[in-house]
Amino acid sequence: MDVYLDNAATTPLDPEVISEMSGFMERFYGNPSSTHFKGRETRVELEKARKKIASIVGAAEKEIIFTSGGTEANNFILKSLSLAGELNRIISSPIEHHSVLDSLEWISKNTKVKIHYLSVDEKGNCDLEELEKGLKAGKKTLVSLMHGNNEIGNLLDLKKVGDLCLSNNALFHTDMVQTLGHYPISLNALPIDFASASAHKIHGPKGSGFLYIKNKAGKLRPYFHGGAQERGLRGGTENILGIIGMAKAFEVARNTMDDQKALIAGLKNRMIEQLNSQIPSVQYNGLSGQSDGCMYNILNVQLPGPYDNTLLFNLDLMKIAVSEGSACSSGASEGSHVLRAMGQSENNFNNIRISFSKMNTTEEIDYAAKAIAKVYRDLLE
Ligand SMILES: Cc1ncc(COP(=O)(O)O)c(C=O)c1O
């Protein structure tokens, strides 16, 4: 049995998304910027997709700027605001995705913007009192804190952080790559200025995402030069096929959200119950073992060490796809910057991130739980 439990890294395409994209591919090839009829018909489809996505996430159409995914959206907003001279300071955290952390490192080396990282406790919560104090002390600040952590699943209270930013005249960006499409979120109803999203975490195509820019929030510099696409902010012919697939993925996600949540939360609970009964020493990182404050589709399992990289390797041999943390571009394990920031000493633990989707079954959960218990027992012997 092949078991795919790495859905926070990416998800398989939904059959409805495949059929939407195939149908589109066969009919439309015009460049949406061409003024002739072939271009115009593609432009209509592009704008229909924008309208659909905007209405699902509670935004206005002009607030959605298509990008190649979450990495670009994060780079775009952080660098664009920093280079436009709009900021003195960015407050973020050490548990953000690398597309935020590496952008912040670039900004600190190449601009005058100062970066401050909030403290994080052993459960993965950012220190919001420190944020409040910090906001009072400075001007022209952007806060960039992710909504759902991709490794431990912790959820940020967007309303609380957004209100703090509002009352201190700071801008608020949130990376919602792991949560948009999983929760009934209305962006315009929240006190946030910018949000990053991606299609491939919700059974849409890879290489397609968007940046939400609340009307008039901050002055932005174009991110790609070379065309007037996306309101002049992101030149380049739009990835129309990816955008069509993304719109369908958001539509399916919205229409099936409650059922999906119930199904996936049930699978996660089943995994917890089975691991608890088969591995008495098991713990869960962050808030991922709790029902509150955490995403319903991410479980980060902690097994007392010593650390041994054959654990994941052996699971791979048994055709169980899980990960140690986020998908790593080099393919090599570098340990988890999130767990390090939470104070974990890596050599003492084996951590497995298990992430679920609507395409998983109870049989897969039972098989994977048994396999994890077995490879862990073998490791201890
Ligand atoms: C929280 C978070 N932000 C950003 C990204 C990057 O998104 P993309 O793969 O669309 O570039 C990911 C993907 O792993 C993620 O989990």
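Trainee: Is the crossing of H8 and H10 left-handed or right-handed?

Mentor: This is a predicted model, in which local features need pLDDT of at least 70 and side-chain atom pairs count only at pLDDT 80 or more, while totals for chains, interfaces and linings use all residues. Residues are numbered from 1 along each chain as its sequence is written, and side-chain values use heavy atoms, leaving out hydrogens and water. A crossing is left-handed if the near helix is turned anticlockwise from the far one by less than a right angle, and right-handed if clockwise. For H8 and H10, the crossing is right-handed.

Trainee: How are H8 and H10 oriented to each other?

Mentor: Helices (H or I, at least four residues) and strands (E, at least two) are DSSP runs, numbered from the N terminus. Axes are lines fitted to C-alpha atoms, for helices over the stretch in contact, and angles run from 0 to 180 degrees between N-to-C directions. H8 and helix H10 (residues 362-380) pack at about 135 degrees, with axes 10 Å apart. Angles under 35 degrees count as roughly parallel, over 145 as roughly antiparallel, 65 to 115 as roughly perpendicular and the rest as oblique, so H8 and H10 are oblique.

Trainee: How do the residues of the contact of H8 with H10 divide by class?

Mentor: Ala, Val, Leu, Ile, Met, Phe, Trp, Tyr, Cys and Pro count as nonpolar, Asp, Glu, Lys and Arg as charged, and the others, Gly among them, as polar. By that scheme, the contact of H8 with H10 holds seven nonpolar, two polar and no charged residues.

Trainee: With which residues is Leu379 in contact, leaving aside its neighbours within four places in sequence?

Mentor: Leu379 lies in helix H10. Its C-alpha is 10.0 Å from that of Asn314, at a separation of 65 residues in sequence. With neighbours within four places set aside, the contacts of Leu379 are Pro306, Asp308, Thr310, Leu311 and Asn350.

Trainee: Which residue does a cis peptide bond join to Gly305?

Mentor: Most residues other than glycine have a negative phi, and most peptide bonds are trans. Here the bond is cis, with omega about 10 degrees.

Trainee: What is the phi of Arg231?

Mentor: Arg231 is found in the loop between strand S8 (209-213) and helix H7 (240-278). Although Arg231 is not a glycine, its phi is positive, at about 55 degrees.

Trainee: How is H7 oriented to H10?

Mentor: The axes of H7 and H10 come within 9 Å and cross at roughly 30 degrees. That angle makes H7, relative to H10, roughly parallel.

Trainee: Which residues come nearest to the ligand?

Mentor: A residue is near a molecule if one of its heavy atoms lies within 4 Å of it. A polar side-chain atom of Thr71 lies 2.6 Å from an oxygen atom of the ligand, and Lys201 likewise places a polar side-chain atom 2.6 Å from a ligand oxygen. For Gln178, a side-chain N or O atom is 2.8 Å from an oxygen atom of the ligand. Of the 14 residues around the ligand, those that come nearest are Thr71, Asp175, Gln178, Ser198 and Lys201.

Conventions. Polar contact = N/O pair within 3.5 Å; in protein donor to acceptor, adjacent residues only side chain to side chain. Contact = heavy atoms within 4.5 Å.
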